[in-house]
Amino acid sequence: MKDFTEQRDAHTGDELWVLEHPPVYTLGQAGKPEHILDPGDIPVVHSDRGGQVTYHGPGQTVVYLLLDVRRLGLGARAVVTAIEDSVVEYLRDQGLDAENRPGAPGVYVAGAKIASLGLRIRQRGSYHGLSLNREPDPAPWRRINPCGYAGQPVTSLAAEGVTVSRQALEQDLVTILSRRLGLTPRTAPPPDWYTLLQSPQGR
């Protein structure tokens, strides 16, 4: 991500990297080590994103957003808002009452965090991004103060009773993110799945 961002120029396309990590804790650039309570055998990686400590692992979808924010005409706050609103829209389409919180980046369902967010913007480009819990093992979250908040409950789609395939989730989420960020697929025509999602609320 760093190399891509440092080497990009005004002609470099925007990219969304969608993936799943092996178990790892990441600590943001201003992160406080005391929020890592008992990492055990899970490695801790220092990251240059914003935010405190979070967990990534199997059962969680990560989307890294490598965007030319200058070309898109977006400031840092607008990018964060678009990402959070995209996750909220996706979750509401799944029947969940999701929301974001002022001053606490991420997305929540009934007070429990279901998606985390951490970005870095250098020169004209953003990198890092978001993670959305599909059905991760809940145990690793109990070994940290998630995002620096002691006792912060964490939830997932599975814990909220939503059953969806990883492929369907990622395709629908990419569709919403792309629309809200003003992105278009570089393939012509777009992938078949790109236009499948129709929000019932017309958002």
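Buried means under 20% relative accessible area, exposed over 50%, and partly exposed in between, with a 1.4 Å probe and protein chains only. The model is predicted: local features need pLDDT of at least 70, side-chain atom pairs count only at pLDDT 80 or more, and totals for chains, interfaces and linings use all residues. Residues are numbered from 1 along each chain as its sequence is written, and side-chain values use heavy atoms, with hydrogens and water left out.

**Exercise 1. Strand S8 and its partners**

Task: Find how far S8 is covered, and describe its pairing with S7 and with S9.

Solution.
Step 1. Helices (H or I, at least four residues) and strands (E, at least two) are DSSP runs, numbered from the N terminus. Eight of the eleven residues of S8 are buried, so the strand is mostly covered.
Step 2. Two strands pair if DSSP finds at least two bridges between them. S7 and S8 are antiparallel, with three bridges, and Val109 stands opposite Ala112 in S8.
Step 3. The hairpin of S7 and S8 has two residues between the strands, and Ala110 takes a positive phi near 50° there.
Step 4. On its pairing with S9, S8 is again antiparallel, over eight bridges. Here Ile121 is opposite Ser126 in S9.
Step 5. Two residues lie between the strands in the hairpin of S8 and S9, where Gln123 has a positive phi near 55°.

**Exercise 2. An open sheet**

Task: Give the strand order of the open sheet formed by three strands, and say which strands stand at its edges.

Solution.
Step 1. The order is S3-S2-S4, and the pairing is mixed.
Step 2. The edges are strand S3 (44-46) and strand S4 (53-56); each has a single partner strand, so one side of each has no neighbour in the sheet.
Step 3. On average, neighbouring strands of this sheet are turned by 30° against each other, direction ignored. For such angles, axes are lines fitted to C-alpha atoms, for helices over the stretch in contact, and angles run from 0 to 180 degrees between N-to-C directions.
Step 4. Strand S2 (residues 24-27) and S3 run parallel, joined by three bridges. Leu27 faces His46 in S3 as its opposite residue.
Step 5. Strands of a sheet pair through backbone hydrogen bonds, either parallel or antiparallel.

**Exercise 3. The nonpolar cores**

Task: Which residues of the largest nonpolar core touch the most other members, and which element gives the most to this core?

Solution.
Step 1. A nonpolar core is a set of buried Ala, Val, Leu, Ile, Met, Phe, Trp, Tyr and Cys residues joined through side-chain atoms within 4.5 Å.
Step 2. The largest core has 30 residues, and Leu91, Ile114, Leu130, Leu132 and Leu173 touch the most other members.
Step 3. At least two residues each come from strand S5 (60-68), H3, strand S7 (104-109), strand S8 (112-122), S9 and H4. H3 gives the most, with eight residues.
Step 4. A second, separate core has eight residues, including Ile36, Tyr55, Trp141 and Ile144.

**Exercise 4. A buried serine in a helix**

Task: Is Ser86 buried or exposed, and what does Ser86 touch?

Solution.
Step 1. Ser86 is part of helix H3 (residues 76-93).
Step 2. Its relative accessibility is 0%, so Ser86 counts as buried.
Step 3. A polar atom of the Ser86 side chain lies 2.7 Å from the backbone oxygen of Ala82.
Step 4. Contact means heavy atoms within 4.5 Å. Not counting residues up to four places away in sequence, Ser86 touches Leu173, Ile176, Leu177 and Arg180.

**Exercise 5. Two loop residues**

Task: Locate Cys147 and Gln152, and list what each touches.

Solution.
Step 1. Cys147 is in the loop between S9 and H4. The UniProt annotation "active site" (unreviewed entry) covers Cys147; such annotations may be inferred rather than shown by experiment, feature names are shortened, and positions are given in the numbering used here.
Step 2. Cys147 counts as buried because its relative accessibility is 18%. Not counting residues up to four places away in sequence, Cys147 touches Gln52, Val53, Lys113 and Ser116.
Step 3. Gln152 lies in the loop between strand S9 (125-133) and helix H4 (166-181), and is buried, with a relative accessible area of 13%.
Step 4. A polar atom of the Gln152 side chain is 3.0 Å from the backbone oxygen of Gly111. Leaving aside neighbours within four places in sequence, Gln152 is in contact with Arg101, Tyr108, Gly111, Ala112, Lys113 and Pro146.

Technical notes
Polar contact = N/O pair within 3.5 Å; in protein donor to acceptor, adjacent residues only side chain to side chain.
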